[in-house]
Amino acid sequence: MDIRSLKGSIVALVTPFHADGSVNFEKLRELAEWHIASGTDAILALGTTGESSTMTHEEDDAVLRCVIETAAGRVPVIAGTGSNSTQTMLEKSLRAEALGADGLLLITPYYNKGNPEGICRHFLTVADAVKIPCILYNVPGRTGCAISVENVERLAKHPNICGIKEASGDMSYAMRIAHCIGPDFALWCGNDDITIPLLSIGGSGVISVWANIQPRECHEMVMDYLEGRRERAAAAAVKYLELMNGLFMEVNPIPVKTALNLMGKDAGPFRLPLCEMTDAHTARLRGLLEKAGLVK
């Protein structure tokens with residue numbers, strides 16, 4: 001499926017685990033089906049929220065294969081294939097393409113970071129090698145480095161780079177790259193709490209953590225804005241803002257997986273170095289879910 005014209009809500013899907021830490025493929029299929037039935041416009045597997053940094057390459061392939069087979073062409077499936085090693089990212093990207101992914105999400109090279117030219121070549125190495133569209137991922141709070149405005153301008157011209165997930169939370173930066181938006185380059189919000197502001201400068205939608213627990217509400221908020229029902233979209237953003245922010249009271253994806261467990265979705269435990277939330281945070285999160293009508 002072509003993701004170049006995609007708009008709406010892309011869920012950054014969690015990876016459910018069994019109690020022993022192995023991937024729970026039955027629950028993964030159930031979650032994917034729930035998202036498709038709820039109007040989610042595309043599924044991102046193996047992103048930060050999917051705990052891909054703790055998984056083996058074989059597990060990555062199995063999870064992606066499961067999501068692609070479950071989606072069965074009903075919605076696009078995007079694979080997070082990033083790495084701090086450009087060669088590893090290339091190898092993972094080629095495997096994801098072979099497995100049938102509709103697009104790739106490529107993160108900046110965390111830890112070793114890279115200088116601006118190295119970061120640009122990091123993305124170009126994959127974009128030149130694959131035939132499916134690539135989305136850049138700017139999240140300096142996670143990686144310790146950012147994609148410069150100049151690099152966004154340069155990379156946006158590549159025929160196989162179709163957009164950027166902007167997750168810095170910096171609206172000034174978003175404004176400075178907004179002129180790159182066009183038919184061949186989309187801006188995707190990576191922070192649920194500022195989805196409406198990014199849509200207002202030409203964004204195509206959100207790659208969302210919040211959508212894991214309220215997929216229909218997330219989809220409807222984005223589409224309400226894009227289709228001109230902007231007051232309703234803004235009202236939804238304000239209504240759910242506290243819950244969106246609550247999903248980051250501890251490092252993602254700890255709160256959102258905890259929320260799914262409290263909702264009876266059985267997302268399971270985490271892999272170290274992630275672990276259970278504090279009791280105080282769990283109680284606070286439960287209160288937010290109760291307020292939203294997601295638990296009793």
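Rings of Phe, Tyr and Trp, the last represented by its six-membered ring, are taken to pair if their centres lie within 6.5 Å. In this predicted model, the count under that rule comes to one aromatic pair. The ring centres of Trp 210 and Tyr 240 are 5.5 Å apart and their planes stand at 40 degrees, so the pair is classed as tilted. The two residues are 30 apart and link distant parts of the chain: Trp 210 belongs to the loop between β8 (205-208) and α9 (215-226), whereas Tyr 240 belongs to helix α10 (residues 230-246). Trp 210 is buried, with a relative accessible area of 0%, and Tyr 240 is buried as well, at 11%.

Aromatic rings also meet charged side chains. The charged end of Arg 230 sits over the ring of Tyr 225, at 4.4 Å from its centre. Arg 271 lies over the face of Phe 17, with a distance of 4.5 Å to the ring centre.

Pockets were examined next. The largest pocket has a volume of about 570 Å³. Its lining comprises 28 residues, with Thr 48, Ser 52, Ser 53, Ile 107 and Tyr 110 nearest the centre. At least two lining residues are supplied by each of α2 (57-71), α3 (86-99), β4 (103-107) and α5 (140-143). By class, the lining of this pocket divides into ten nonpolar, 13 polar and five charged residues.

The second largest pocket has a volume of about 310 Å³. It is lined by 20 residues, and Gly 190, Asn 191, Val 209, Phe 248 and Asn 252 lie nearest its centre. This lining contains nine nonpolar, six polar and five charged residues.

How values were computed. Residues are numbered from 1 along each chain as its sequence is written. This is a predicted model: local features need pLDDT of at least 70, side-chain atom pairs count only at pLDDT 80 or more; totals for chains, interfaces and linings use all residues. Side-chain values use heavy atoms; hydrogens and water are left out. Rings of Phe, Tyr and Trp (its six-membered ring) pair if their centres lie within 6.5 Å; planes under 30 degrees apart count as stacked, over 60 as edge-to-face and the rest as tilted. Helices (H or I, at least four residues) and strands (E, at least two) are DSSP runs, numbered from the N terminus. Buried means under 20% relative accessible area, exposed over 50%, partly exposed in between (1.4 Å probe, protein chains only). A charge sits over a ring if NZ of Lys or CZ of Arg is within 6 Å of the ring centre and within 35 degrees of the ring normal. On a 1 Å grid over the protein atoms alone, a cavity is a set of points where a 1.4 Å probe fits but cannot get out, and a pocket is an open set with protein on both sides within 12 Å along at least five of seven lines; lining residues have an atom within 4 Å of a point. Grid points are joined across faces, edges and corners, and a volume is the space filled by probe spheres set on the points. Ala, Val, Leu, Ile, Met, Phe, Trp, Tyr, Cys and Pro count as nonpolar, Asp, Glu, Lys and Arg as charged, and the others, Gly among them, as polar.
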